[in-house]
Amino acid sequence: MIEDNIRVLRQAAKVSANNDYEIEKNWCVVAGNAELVDKVAYKAIASNHRVKILFREHVILKEGNLDKKFDFIMLYGNSIVIDEFKKFADQDGGAYVRILRKYLVENPNLMVLIAPDNVIKKTVSVLERSKLSFAILQDSQTTGFIDVDLSDNVKLPNFIKSALKPFYNANEVVLSTILISVDKKEEIKKVQSIATSNRIFVIDFKDIVTEE
């Protein structure tokens, strides 16, 4: 944490020499397990108001008798600090996408999709076959485990559930986060409908309001 702050201060000092330089503000989304997102949230709060937490979500996907759990967080603020979150996410196996302000000018219809990797790939295939005009601007996958538990509707003693956990948690669930641009405004709802029907969490940038 101290080394990260020193690095940020050095970068800020370089740009402060030019009084005409204004530090840009960008967005980022970090996804992974709850422990990783807890660390990201702490780092954002400790940034001395240079980064704001827009929202955080805890997601539980029910598949058969299993609950797949993951968290993600969306941040906005000083681009120098936002860049530091990528290194932080990489070190802890998280997925990270950064949304540059120029994207909003060049690609106004932006959406971030978050879900297990196999679901994301299946949905992208459906979007392509539906002849929707879109592009993937960024994509990122987790390299750390997300949590998998037996659903509450499985009636077994807790000690047996704990004993079984290593077996159903043996195969890592890869989480993907992608930033897409939809070419036609009228197709946004179609993309969102297909994504949500596949249980993908969608962040539509037109719904993001940031106070300067």
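Biologist: Is N48 buried or exposed?

Modeller: This is a predicted model, and in it N48 sits in the loop between α2 and β2. The residue has a positive phi of about 60° although it is not a glycine. Exposed means over 50% relative accessible area. Because N48 has a relative accessibility of 59%, its class is exposed.

Biologist: Which residues does E63 touch, not counting residues up to four places away in sequence?

Modeller: E63 is placed in strand β2. Its relative accessible area is 28%, so E63 is partly exposed. Outside the sequence stretch that is not counted, up to four places away, E63 touches K68 and R199.

Biologist: How many helices and strands does the chain have?

Modeller: The chain has 212 residues, and 47% of them are buried. Among contacts between residues at least 6 apart in sequence, 78% join residues at least 24 apart. The elements of the chain are 7 helices and 9 strands.

Biologist: Which element gives the largest share of the largest nonpolar core?

Modeller: This core has 22 residues, and V29, F72, I99, V112, I114, I203 and F205 touch the most other members. Two or more residues come from each of β1, β2, β3, β4, β5 and β8. The largest share is 4 residues, and the element that gives it is β3.

Biologist: Which residues are in contact with V112, leaving aside its neighbours within four places in sequence?

Modeller: V112 is one of the residues that touch the most other members of the largest nonpolar core. Leaving aside neighbours within four places in sequence, its contacts include V29, V97 and I99, and also T177, I178 and L179.

Biologist: How many residues are in the second, separate core?

Modeller: Among the members of this core are L127, I180, I194 and I200. The core is separate, and its number of residues is 18.

Biologist: What is the relative direction of α2 and α3?

Modeller: The two helices, residues 34-45 and residues 79-91, pack with their axes 11 Å apart and at an angle of about 155°. Angles over 145 degrees count as roughly antiparallel. The direction of α2 relative to α3 is therefore roughly antiparallel.

Biologist: How many residues of each class are in the contact of α2 with α3?

Modeller: From α2 come K39, V40, K43 and A44, which meet E84, F85 and F88 in α3. The crossing of α2 with α3 is right-handed. By class, the contact divides into 4 nonpolar, no polar and 3 charged residues.

Biologist: What is the handedness of the crossing where α5 passes α7?

Modeller: Helix α5 and helix α7 pack at an angle of about 145°, and their axes are 10 Å apart. In this contact, T123, V126 and L127 in α5 meet V191, I194 and A195 in α7. The classes are 5 nonpolar, 1 polar and no charged residues. The crossing is right-handed.

Biologist: Is T123 buried or exposed?

Modeller: T123 lies in helix α5. Not counting residues up to four places away in sequence, T123 touches I194, A195, N198 and I200. Buried means under 20% relative accessible area. T123 has 1%, so its class is buried.

How values were computed: Residues are numbered from 1 along each chain as its sequence is written. This is a predicted model: local features need pLDDT of at least 70, side-chain atom pairs count only at pLDDT 80 or more; totals for chains, interfaces and linings use all residues. Side-chain values use heavy atoms; hydrogens and water are left out. A nonpolar core is a set of buried Ala, Val, Leu, Ile, Met, Phe, Trp, Tyr and Cys residues joined through side-chain atoms within 4.5 Å. Buried means under 20% relative accessible area, exposed over 50%, partly exposed in between (1.4 Å probe, protein chains only). Contact means heavy atoms within 4.5 Å. Axes are lines fitted to C-alpha atoms, for helices over the stretch in contact, and angles run from 0 to 180 degrees between N-to-C directions. Angles under 35 degrees count as roughly parallel, over 145 as roughly antiparallel, 65 to 115 as roughly perpendicular and the rest as oblique. A crossing is left-handed if the near helix is turned anticlockwise from the far one by less than a right angle, and right-handed if clockwise. Ala, Val, Leu, Ile, Met, Phe, Trp, Tyr, Cys and Pro count as nonpolar, Asp, Glu, Lys and Arg as charged, and the others, Gly among them, as polar.
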